[in-house]
Protein chains: 4
Amino acid sequence: MAGAELRADVWINEYLSPWDIYSHGVTRILAAARTQYQDMQIVESGLYGKGLVLDGKWQSCTGDEFMYHEPLVHAACVLHGAPESVLVLGGGEGATVREALRWSSVKRVVMVDIDGEVVEACKKHLPEMHQGAFDDPRTELVIGDALGYLDDTAGEWDVVISDLSDPIEEGPSFALFTKEYFEKVKRALKPGGVFVVQSGPVSPPEIEAHARLASTVRSVFGASRSYASYAPSYGAPWSFIIGGPDPIDVPGVAAVDRLLKEQGVTGLRMFDGEAMQGVFSLPKHLREAIANETTVYTMASPRKFFGKNEVGAAN
Amino acid sequence: MAGAELRADVWINEYLSPWDIYSHGVTRILAAARTQYQDMQIVESGLYGKGLVLDGKWQSCTGDEFMYHEPLVHAACVLHGAPESVLVLGGGEGATVREALRWSSVKRVVMVDIDGEVVEACKKHLPEMHQGAFDDPRTELVIGDALGYLDDTAGEWDVVISDLSDPIEEGPSFALFTKEYFEKVKRALKPGGVFVVQSGPVSPPEIEAHARLASTVRSVFGASRSYASYAPSYGAPWSFIIGGPDPIDVPGVAAVDRLLKEQGVTGLRMFDGEAMQGVFSLPKHLREAIANETTVYTMASPRKFFGKNEVGAAN
Amino acid sequence: MAGAELRADVWINEYLSPWDIYSHGVTRILAAARTQYQDMQIVESGLYGKGLVLDGKWQSCTGDEFMYHEPLVHAACVLHGAPESVLVLGGGEGATVREALRWSSVKRVVMVDIDGEVVEACKKHLPEMHQGAFDDPRTELVIGDALGYLDDTAGEWDVVISDLSDPIEEGPSFALFTKEYFEKVKRALKPGGVFVVQSGPVSPPEIEAHARLASTVRSVFGASRSYASYAPSYGAPWSFIIGGPDPIDVPGVAAVDRLLKEQGVTGLRMFDGEAMQGVFSLPKHLREAIANETTVYTMASPRKFFGKNEVGAAN
Amino acid sequence: MAGAELRADVWINEYLSPWDIYSHGVTRILAAARTQYQDMQIVESGLYGKGLVLDGKWQSCTGDEFMYHEPLVHAACVLHGAPESVLVLGGGEGATVREALRWSSVKRVVMVDIDGEVVEACKKHLPEMHQGAFDDPRTELVIGDALGYLDDTAGEWDVVISDLSDPIEEGPSFALFTKEYFEKVKRALKPGGVFVVQSGPVSPPEIEAHARLASTVRSVFGASRSYASYAPSYGAPWSFIIGGPDPIDVPGVAAVDRLLKEQGVTGLRMFDGEAMQGVFSLPKHLREAIANETTVYTMASPRKFFGKNEVGAAN
């Protein structure tokens, strides 16, 4: 018997599955509101700094968000090479925009988030996240629906980043993990444009869902390339999928480091050539699951996360 | 607000820190005992199969143990090239021995575990873990103290694998994460021998402890090389450290795959050349923390895990 | 912020409602099995001694079971005055029988429990509960269905005690909280016989269910009388209902003490004349809810506990 | 196995002991602040309405606070008979004052609470608690230290109500559960005045602490009389102690009801003559523990709650 000295009284319980819970101890509640779209808290945790919580889901926190935002943004930008225009769908905390702005080639970043109340609260309480990104003259913030925005844009973007919360309820995010949505994204890209989508945990019970999303991306863009990083406060390795024309080749370590230097990308904490090689070199069972999957998520048959009970067994 | 449908009544709470808990829902208790050394349970979880729990710490489970045991064993064996003798210190479930036996070059595997009651319970209730490894004619099981065993062996081993539970209390494991212990291991190795030690989580608050352990390995063996894999049921990425003479170079993807084939290593789920490249390509902040660390754990000043309150902040 | 030093790793979570959990820290698991009827654990807790857990519900524990079993049995026996024959329906741990045997007038106690595996485990691991009651020559243990047993008995019993687990699922207990079941019980009683049924928590959200059960008892027996005791490990005050002909009058403090003495009832920890007065003197809101309720639970429309979502709001 | 559908993501964990936790599911956070004295949240729970939480301890909630505040106030007032002046020490939510104001004899209620920020938040977010009590012309609110206030008052009060949070840390409340404090209270009372103090849970592990507090009250006032009520959201029966000259006799049911009527006390939910009889008729083991205890809490040797580890075993 070991037990433990606990220091928190207030806990955010993340239900990773019906049998797995990650409890985040909260030392301070900085903001709490029911917005038009969701429950929101901004909290201080014991070891992971300040975090944003939406509908009970830990979105990101200052203690390890770099493990999520850096690979999300820079992998896509490296694969493009010299992005000028970047469209961020979702991304409430502003950290995704912050990373995109590090590229000297970038002239314009538009962020489209549906929940203005969340964005305002993040601006106020999470300066460590945005670090002034919303005030950069290259940034444009649009409060609105990602689907609607995509309908009004075509052939404009070098990089599109889908940084949406998981589709846990039959709410708006559901539609954004489907073939139809990806087709809108493809239409919005310039030739040679790169798409990246955060694609949820890849713990064994979640691998099938990831593989199906990769298959969906492939069905639209021609090729997909999955990678994974580990922000520990998520309690599971986290995945991303690149969509683009076949083949999607990851440059060598030295080439990546050289490109980042040329582009004046500084201040990174986890991402560089070696880290990029690491996140793209997936374990065999995950590569095989992705390669063998052919199911495609459509509006008629969308992705359903836990809460909607499409959870497999790991064993 | 989301909530969740939970299916378990009995939970194993892993206290990752005073503010972070991973709760494993238990669907069935297969064995429970207080052994001479520790509290033990063998349980069935909802999504991760059957797991071994010692002193409230999740040791490994059938649902994702391959993400731990495969890199632990095969990375060290690949770096050696053609191991004949393998010494496993700890390793109660038998899965570490199971992996070592996959190598056709291996003629002898000795496993030294202090807790015979745990080993017997694993033999009985976790056949998925050992898969008959204890019955292999090349396997020798010693119930006893790792330190004592090391005192009686010298220059005998191609690979030594330290697969011990974390030093959470000032108990026996404490001494096994120190310079003095590593010196005994070094003496036990043949020239050209390779040492690998499981070295705990590398979530941000734990990085310092990992770096210090790497520094300790380095101080004894000349060089260390860290790598990390994610068995999601641990709730954090897990690390390993290789000790050996400088430099410790990881072969290329194709070379690893060729060696595994030559050695007749089959049945792997996660490990191959690309996976090996992935686990050794660490994020920048982790590489830097390891490179910059000079503290050495000694018997006079040993490593102390949470429970002993040497926990830093991530942010 | 306060936090706490926790000493347990294994927890039994009692879901009192979708928003209320009582977590029992387990220091040792003495027995664990899936019987023909239910999941069973016998565990050691930190402060409440050894406890029996069925389907994740804390049944009773050595630390405070006297707060449940003493009022359950002795209130009914006092109201009868000189019981000779006592029928216990359910009562797996043997503590209900133990209490009945304290009465010198008692010549025969039959206990009918459906789950022989639970009874055997309790005999072995919970001697503090039965205290040899199963070996008393007046005791007869029947492993079988309460309904079936009632069909074969008529006009035989001075006291019938319904000590069944809560009807959390549409399982066998469901039928035992209905008008039809109570009618069978009434037929089994001698003239002047007294019936008592454990009737669940009476925290505000559960009061309606208690009141409906009282109304059901009333509809069969003519009168009901509710009382409540607090065994703290249940996390809520616990209720009982007496059924009998109108009026059911509680004797005065001195009269109860005199009767207990005459009957040679010794060794009680909580129950005496004053305690009996205390448990029967209910708060006003509870008395009013009971008096005003007219709903009757029938086989066609049975009582449904949380899990079946018939939970009201307290406020 | 049962499991449960949980509806909350944010939980307040009450550590009842190192092995017992009551988790309150929070559906909404109405206010959260670190005041000069403590952490405060005002939250909405699923079944128990809105609650005040201080330093992680559930103070009271709209769903069952009447089970606490009504017996706290009316038992003392009944024992006095016709109180004109009432002093409330603590009582942040205003519900204690609300109850005192129901007595037509009451001409003046002074409430002394140290934490003005908590009182302001309760005024704003918990109107169900105070119900305008702060605006009653008979009410005077003093933000300040109870000890200091007592030093400046003598022979003025018919009833003094100590409604303080538990002394969980060596903070200010500690001094308020000692002989020295009670002597100040006694000096403040008019001849014939009545003192009542909320005195914590009386679950088996807490009985010793209650008995010692009763012994302390006795040592100052001459006599003590304990009683207990059950507000289920506390997860344990809650106790109160009356201090006054020997004997402290509880009037009969009819006498209490007549007095309440004469005094115009209306709107009560749980308290009346029968309820008063119920809360004062304690179980035998509790009465005996109180009668046999002689330890007295002093400034040199104060009461220490869990957190300070003075917790006994129930079994």
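Helices and strands here are DSSP runs numbered from the N terminus, with at least four residues of H or I for a helix and at least two of E for a strand. Two strands pair if DSSP finds at least two bridges between them. Across this pair, V160(A) stands opposite F195(A) in β11(A).

Before going on, a word on what we are looking at. This is a predicted model, in which local features need pLDDT of at least 70, side-chain atom pairs count only at pLDDT 80 or more, and totals for chains, interfaces and linings use all residues. Residues are numbered from 1 along each chain as its sequence is written, while chains are lettered from A and ligands numbered from 1 in the order in which they are written.

Now, how confident is the predictor? The pLDDT is its confidence in each residue, from 0 to 100. Chain A has a mean pLDDT of 92, and 94% of its residues reach 70 or more. Over residues 307–315 of chain A, however, the pLDDT is below 50, and this stretch has 24 contacts in the model beyond near neighbours in sequence. A contact means that the C-beta atoms of two residues, placed from the backbone, lie within 7 Å. For the complex, the predictor gives an ipTM of 0.94 and a pTM of 0.92.

Back to the sheet in chain A. Strands of a sheet pair through backbone hydrogen bonds, either parallel or antiparallel. Here 7 strands form an open sheet with mixed pairing, in the order β9-β8-β7-β10-β11-β13-β12. Which strands stand at the edges? They are β9 and β12 (223–229) of chain A, each with a single partner strand, so one side of each is left without a neighbour in the sheet. From one strand to the next, the twist averages 15°. Helix α6 (residues 179–188) of chain A packs on this sheet, touching β7 (85–90), β10, β11 and β13 (238–244), and its direction makes about 145° with that of β11(A). For such angles, axes are lines fitted to C-alpha atoms, for helices over the stretch in contact, and the angles run from 0 to 180 degrees between N-to-C directions.

Next, two helices in chain D. Helix α7 (residues 207–221) and helix α10 (residues 284–292) of chain D pack at about 45°, with their axes 8 Å apart. That makes α7(D) oblique to α10(D); angles under 35 degrees count as roughly parallel, over 145 as roughly antiparallel, 65 to 115 as roughly perpendicular and the rest as oblique. I207(D), A211(D) and A214(D) in α7(D) meet L286(D), A289(D) and I290(D) in α10(D). By class, this contact has 6 nonpolar, no polar and no charged residues. Nonpolar covers Ala, Val, Leu, Ile, Met, Phe, Trp, Tyr, Cys and Pro, charged covers Asp, Glu, Lys and Arg, and the others, Gly among them, are polar.

Where do chains B and C meet? The contact takes 11 residues from each of chain B and chain C. On the chain B side, β2 (10–17) and β3 (20–34) each supply at least two residues. Strand β2(B) pairs with β2 (residues 10–17) of chain C in the antiparallel sense, over 3 bridges, and W11(B) has W11(C) as its bridge partner.

Finally, a backbone detail: a cis peptide bond joins D246(B) and P247(B), with omega about -10°. P247(B) lies in the loop between β13 (238–244) and α8 (253–262) of chain B.

Terms used:
pLDDT is the predictor's confidence in each residue, from 0 to 100.
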